[in-house]
Amino acid sequence: VVVPAASVARVPEGATLEAAATLPMNGLTVRLALDQLALRPGQTLGVTGAAGAVGGYAVELGVRDGLRVIAVARPQDEALVKRFGAETFVPSGEAAIRAVYNAAPGGVDGLIDAAVLDAAALPAIRDGGKLATVRGFAGPSERGITIEPVRVTSYVHNHEALDRLGRLVAEGRLTLRVAE
């Protein structure tokens with residue numbers, strides 16, 4: 001297969017090709033989301049779908065950025081998301097968004113919605129906070145919350161970001177996961 005050089009990235013040391021293939025789409029999606037949220041160390045990040053491909057990277061990279069991470073996932077995934085570094089685990093379900101809000105009194109500063117809850121996730125976010133959406137939700141919003149649509153195509157040639165992700169993998173500080 002012949003592709004443009006700009007479309008090629010090095011497989012991280014010690015990673016399989018299959019596992020490394022999760023970085024360009026899922027890893028860069030999260031890096032872009034975090035960059036768009038522009039949270040400062042010590043602020044609170046909520047992550048829905050925290051055990052999934054995007055959500056798992058969001059938890060780990062959020063922690064690496066110095067954020068306090070509140071992770072929402074199925075009850076059976078609690079140990080996994082805590083291993084990724086989530087400070088607080090919230091079981092998914094009807095009460096999850098209220099539980100995120102309660103875990104960060106006043107709401108989280110930013111939220112990466114990997115579970116695609118869209119408007120249903122807004123009550124977990126503080127007034128004036130931000131929501132990073134991965135499937136095109138653009139609003140309407142409420143309480144001054146900014147909605148940041150994440151389109152990884154805008155980062156597809158960001159080799160610096162992809163190289164940083166690869167280094168984190170090689171250093172054992174970012175977990176590559178393949179279901180089968």
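Reader: Let's start with β4. How many of the residues of β4 are buried?
Author: This is a predicted model. In it, 6 of the 6 residues of β4 are buried, so the strand is largely enclosed by the rest of the structure.

Reader: And which strands are in the sheet, in what order?
Author: The sheet is open and has 6 strands, in the order β3-β2-β1-β4-β5-β6, with parallel pairing. At the edges are β3 (88-91) and β6 (146-149), each of which pairs on one side only. On average, neighbouring strands are turned by 20° against each other, direction ignored.

Reader: What packs on the sheet?
Author: Helix α3 does, touching β1, β2 and β4. The direction of α3 makes about 170° with that of β1.

Reader: Back to β4. How many bridges join β1 to β4?
Author: There are 4 bridges, and the two strands run parallel. T48 stands opposite D113 in β4.

Reader: How many bridges join β4 to β5?
Author: Here 5 bridges link the strands, which are again parallel. I112 has A132 in β5 as its bridge partner.

Reader: What about β2 and β3, how many bridges there?
Author: Strand β2, residues 68-73, pairs with β3 over 4 bridges in the parallel sense. For A73, the bridge partner in β3 is P91.

Reader: Where is the kink in α2 centred?
Author: On L28, and the kink is about 25°.

Reader: Is α2 largely enclosed or largely open?
Author: Largely enclosed by the rest of the structure, because 12 of its 16 residues are buried. Among them are N26, G27, L28, T29, V30, R31, L32, A33 and L34.

Reader: What follows α2?
Author: A38 does, and its phi is positive, near 55°.

Reader: One residue now. Where is T22 found?
Author: In helix α2.

Reader: Is T22 buried or exposed?
Author: Buried. The relative accessible area of T22 is 14%, and a residue counts as buried under 20%.

Reader: Which residues does T22 touch?
Author: Leaving out residues up to four places away in sequence, T22 touches G27, Y57, L176, R177 and V178.

Reader: What joins the side chains of T22 and Y57?
Author: A polar contact of 2.6 Å. Along the chain T22 and Y57 are 35 residues apart, and their C-alpha atoms are separated by 9.9 Å.

Methods
Residues numbered from 1 in each chain as written. Predicted model: local features only at pLDDT ≥ 70, side-chain atom pairs only at ≥ 80, totals over all residues. Heavy atoms only, no water. Bend = angle between axes of the 7 residues up to and from the residue. Buried < 20%, exposed > 50% of the residue type's maximum accessible area, 1.4 Å probe, protein only. Polar contact = N/O pair within 3.5 Å; in protein donor to acceptor, adjacent residues only side chain to side chain. Contact = heavy atoms within 4.5 Å. Pairing = 2+ DSSP bridges. Axes fitted to C-alpha atoms, helices over the stretch in contact; angles between N-to-C directions.
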